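Please read the following report alongside the sequence and the coordinates.

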Amino acid sequence: MLASNIRRKTVKKGLAFTIMTVGSSGLGKTTFLNTLCESPVVRKYDHSSPEKAALEKTVSINPVSVDMEEDGIRLALTIVDTPGFGDNINNEGAFTDILAYIEKQFDDVLQEESRIKRNPKSQDNRVHVLLYFIPPTGHSLREIDIEFMRKLAHRVNVIPVIAKADTLTPPELAATKKRVMEDIAHYGIPIYNFPYDEGEDDEETIEENRELRAALPFAIVGSEDEVVIDGRRIRCRQYPWGIVEVDNARHCDFSQLRYSLLSSHLHDLKEITHDFLYEQYRTETLSGGNGDGDEGEDVVVDDDDEVPLRA
Ligand SMILES: Nc1nc2c(ncn2[C@@H]2O[C@H](COP(=O)(O)OP(=O)(O)OP(=O)(O)O)[C@@H](O)[C@H]2O)c(=O)[nH]1
Ligand SMILES: [Mg+2]
């Protein structure tokens, strides 16, 4: 097939991009995804009976396809919502399922690559970015968040976010951000930190990435409610003392995060996923497995080891 033909097909279908949300229960992961997509793409309420019409917890890993347009570019988004962890119960299971989902998408691509005759319609559902929701406690990171982010960051681009940032005062938020970044540095968690190369990148890119890096972890406010002020529809959360606007950069970092995911850093996140994270998984699987590429899950890799030693 001609290259131009392939390109036209991609444009027609939309640029594929996959976002996953992970974190403790009730932090607003599902609300965030619906806010990002500007429609209730992920079901949150059970309307089957009046008694059940209460808020619904997410109970399974739930990929949903959404077509969007951003800056004139068509996007074929896949949104992967995951169940939140509990506070006291054993959370290993929830974590294992999330990691298994991410690695399964790598396995599917690996298997497709090894076929003699490739299937042109095969789906690539690799997760390009994982938003890790940190509770707005004002404290340092909890052990569970350190542990989960650290393990996940070996397989996927992890961007930490402060959930429900509207519940913190500006000084509390600033202090929380600082503490979280200190912990991330201290524990050596390899998050996606908007990398740039002083020698290679142009001044504009360097400046943009510096700003985004300085905003980490992004302060998130999600809401599916709107108010109309002066004829303008504003997405916000309402309080007796006023409103917190989702899309107002002075109120939270939602719009900055949205733009970097869906526009400015979409390609970089995809590239790192393919060239680095997938490549690392592939090397580990093919060198540590039994050679047919099916036994990826059996490879046990220590957190800190990049690649297991060959047997
Ligand atoms: N104050 C505040 N509340 C929020 C925000 N986002 C969501 N909420 C509320 O938090 C509650 C839980 O929201 P969900 O989106 O269901 O949370 P979740 O993380 O998906 O929860 P699980 O599916 O159980 O993991 C709801 O009552 C939301 O309205 C936010 O940014 N600020
Ligand atoms: Mg949910």
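The buried residues of α2 are Lys-29, Thr-30, Thr-31, Phe-32, Leu-33, Asn-34, Thr-35, Leu-36 and Cys-37, where buried means under 20% relative accessible area, exposed means over 50% and partly exposed lies in between (1.4 Å probe, protein chains only). The helix is thus mostly covered, with nine of its nine residues buried. Helices (H or I, at least four residues) and strands (E, at least two) are DSSP runs, numbered from the N terminus.

This is a predicted model, in which local features need pLDDT of at least 70 and side-chain atom pairs count only at pLDDT 80 or more, while totals for chains, interfaces and linings use all residues. Residues are numbered from 1 along each chain as its sequence is written, chains are lettered from A and ligands numbered from 1 in the order in which they are written, and side-chain values use heavy atoms, with hydrogens and water left out.

The buried residues of α2 pack against β1 (15–23), β2, β3 (73–81), β4 (129–134), β8 (232–239) and α7. Just after α2, Glu-38 takes a positive phi of about 55°.

The magnesium ion (ligand 2) has Thr-30 (OG1) and Thr-58 (OG1) as its protein donors, lying 2.0 Å from it. Thr-30 belongs to helix α2 (residues 29–37) and Thr-58 to the loop between α2 and β2 (62–70), so the pair ties together parts that are 28 residues apart in sequence. Donors here are N, O and S atoms within 2.8 Å of the metal (3.2 Å for Na, K and Ca), and because water is not among the atoms, sites may look incomplete. Thr-30 is buried, with a relative accessible area of 8%.

## Helix packing

Two helix pairs are listed below, with axes taken as lines fitted to C-alpha atoms, for helices over the stretch in contact, and angles running from 0 to 180 degrees between N-to-C directions.

| Helix pair | Angle | Axis separation |
|---|---|---|
| α2 and α7 (residues 254–264) | about 70° | 11 Å |
| α3 (residues 92–114) and α4 (residues 143–152) | about 15° | 11 Å |

The angle makes α3 roughly parallel to α4, whereas α2 and α7 are roughly perpendicular to each other; angles under 35 degrees count as roughly parallel, over 145 as roughly antiparallel, 65 to 115 as roughly perpendicular and the rest as oblique. The crossing of α2 and α7 is right-handed, and α3 likewise passes α4 in a right-handed crossing; a crossing is right-handed if the near helix is turned clockwise from the far one by less than a right angle, and left-handed if anticlockwise. Where α3 meets α4, Glu-92, Phe-95, Ile-98, Leu-99 and Ile-102 of α3 are in contact with Phe-148, Lys-151 and Leu-152 of α4, contact meaning heavy atoms within 4.5 Å.

## Backbone features in the loops

The peptide bond from Leu-216 to Pro-217 is cis, with omega near -15°, and Pro-217 sits in the loop between α6 (203–215) and β6 (218–219). Phe-194, in the loop between α5 (170–186) and α6, has a positive phi near 50° although it is not a glycine, and this residue is buried at a relative accessible area of 1%. Asp-230, in the loop between β7 (226–229) and β8, also has a positive phi near 50°, but Asp-230 counts as exposed at 78% relative accessibility.

## The chain as a whole

The protein chain comes to eight helices and nine strands, and buried residues make up 44% of its 311 residues.
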